[in-house]
Amino acid sequence: MSKSKAYAAMTAKAPLVPFTFERREPKDFDVSIDIKFCGICHSDIHSARGEWGDAIFPMVPGHEIAGIVKSIGKKITKFKVGDHVGVGCFVDSCRTCNPCKSAEEQYCEQFPTFTYNSLERETKAPTFGGYSDHIVVNQDYVLRIPSHLPLDAAAPLLCAGITLYSPLRHWKVEKGTKVAIIGLGGLGHMGVKLAAAMGAEVTVLSQSNKKEQDAKRLGAHHFFATNDKSVFAKLANTFDLIINTVSVDINWGDYLGLLRLDGNMVIVGVPEKPVMMTAGPLIFRRRNLAGSLIGGIKETQEMLDFCGKNNIVCDIEKIPMEKVNEAYERVVKSDVRYRFVLDISTL
Ligand code: NAP
Ligand code: ZN
Ligand code: ZN
């Protein structure tokens, strides 16, 4: 066992505080990673505050992990000491079900073992995430970060990046596809960069005009503030694909009306409360409503390589560990441009 320094939520109502715990020694197929940076995903906040109802405390959040391999198990073939690597939202899965066998471990029929707030498959010990100085992970769930990408700005690719890349690929975005992204936060800004790099015509739908210049700089072709309700009539029947990244309940029906015949709206944001909507916008124009969860290991590697080739990283604000609670407050107020990344050397 080796001691790990971390920050943890001790209860759903309390701020995160310094915390120490034990990590396992690397087994034959494990990689031990010195964590350099960890992004703050809105899911960390939902989880640490018990908003999704399944919280295990103490909880060390963090699933946008970037670091350097510091030691390897005896039978490791894929990595060597010094490699730049990442860990995303899960660290294990059953490996035998159909989704696991078809490289979609995120949809494991027995649920993947999540990087934190989950139980290890063998020992049933709780998993602890990336707000910590190191992590030990089976090599099959470790990603390679292209060595020319900065580790701090690459860290959020491990969740925000793949969560948008996967639906953009699944719904076959290509040159000229009309894509709208609802919400310009951590996920949304990656959606803009990735869709633009795939050649799509990208529109941002944001609550107000505040982020218009940023959206254009990130690669969006159009920007609309949805506090002006006339936007919904103006853009009716326009988009091939809409990806909703909003973390609260908004009226999905209003946005479905912006899809063309047979268009798809994909939900990736996970509001705490149920969302009400009427059937009309789905029935007229045969529109589709779907969801999407992160991506599998193979696709996450494909996304990292795509980002390496196109020099895509996240726009980040790097902060020391002791600012984590302040950062949580700012994320909830949509006051983040566009991802907070914790500098783990300040632990
Ligand atoms: P974030 O940085 O907080 O971004 C969310 C964006 O939603 C905000 O920037 C804001 O954009 C918009 N928004 C916030 N409050 C709103 C309101 N009251 N009305 C309308 N729009 C509002 O969060 P994130 O890290 O990108 O995560 C977004 C959601 O995705 C979270 O629920 C998270 O748990 C979930 N998530 C899902 C997956 C998955 O696999 N499906 C993976 C990761 C995260 P504007 O300021 O532009 O309006
Ligand atoms: Zn996440
Ligand atoms: Zn499985």
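**Ligand 1 and the zinc site**

In this predicted model, helix 1 (42–48) and helix 5 (186–197) each contribute at least two residues to the shell around ligand 1.

Colleague: Which helix gives the most to that shell?

Modeller: Helix 1, with three residues. The shell holds 29 residues, and the closest include His42, Lys211 and Arg339.

Colleague: What makes Arg339 a polar contact of ligand 1?

Modeller: The cut-off is 3.5 Å between N or O atoms. A polar side-chain atom of Arg339 lies 2.6 Å from an oxygen atom of the ligand. So the pair counts. A backbone N or O atom of Gly186 lies 2.9 Å from a ligand oxygen. For Ser292, a backbone N or O atom is 2.9 Å from a ligand nitrogen. The protein covers 90% of the 920 Å² of accessible area that ligand 1 has on its own.

Colleague: Why is ligand 1 said to lie between domain 1 and domain 2?

Modeller: Because domain 1 (2–159 + 314–346) and domain 2 (161–291) both give residues to its shell.

Colleague: How do you know which residues are donors of the zinc ion (ligand 3)?

Modeller: Donors must lie within 2.8 Å of the metal. The SG atoms of Cys94, Cys97, Cys100 and Cys108 lie 2.3 to 2.4 Å from the zinc ion, so they qualify. Their spacing in sequence is C-x2-C-x2-C-x7-C. Cys94 sits in the loop between strand 6 (90–92) and helix 2 (98–101), and Cys108 in the loop between helix 2 and strand 7 (113–114).

Notes: Residues are numbered from 1 along each chain as its sequence is written. Chains are lettered from A and ligands numbered from 1 in the order in which they are written. This is a predicted model: local features need pLDDT of at least 70, side-chain atom pairs count only at pLDDT 80 or more; totals for chains, interfaces and linings use all residues. Side-chain values use heavy atoms; hydrogens and water are left out. A residue is near a molecule or strand if one of its heavy atoms lies within 4 Å of it. A polar contact is a pair of N or O atoms within 3.5 Å; within protein, one must be able to donate a hydrogen and the other to accept it, and residues adjacent in sequence count only if both atoms are side-chain atoms. Accessible areas come from the Shrake-Rupley method with a 1.4 Å probe; for residues, only the protein chains shown count as cover. Helices (H or I, at least four residues) and strands (E, at least two) are DSSP runs, numbered from the N terminus. Domain bounds come from an automatic or database domain assignment. Donors are N, O and S atoms within 2.8 Å of the metal (3.2 Å for Na, K and Ca); water is not among the atoms, so sites may look incomplete.
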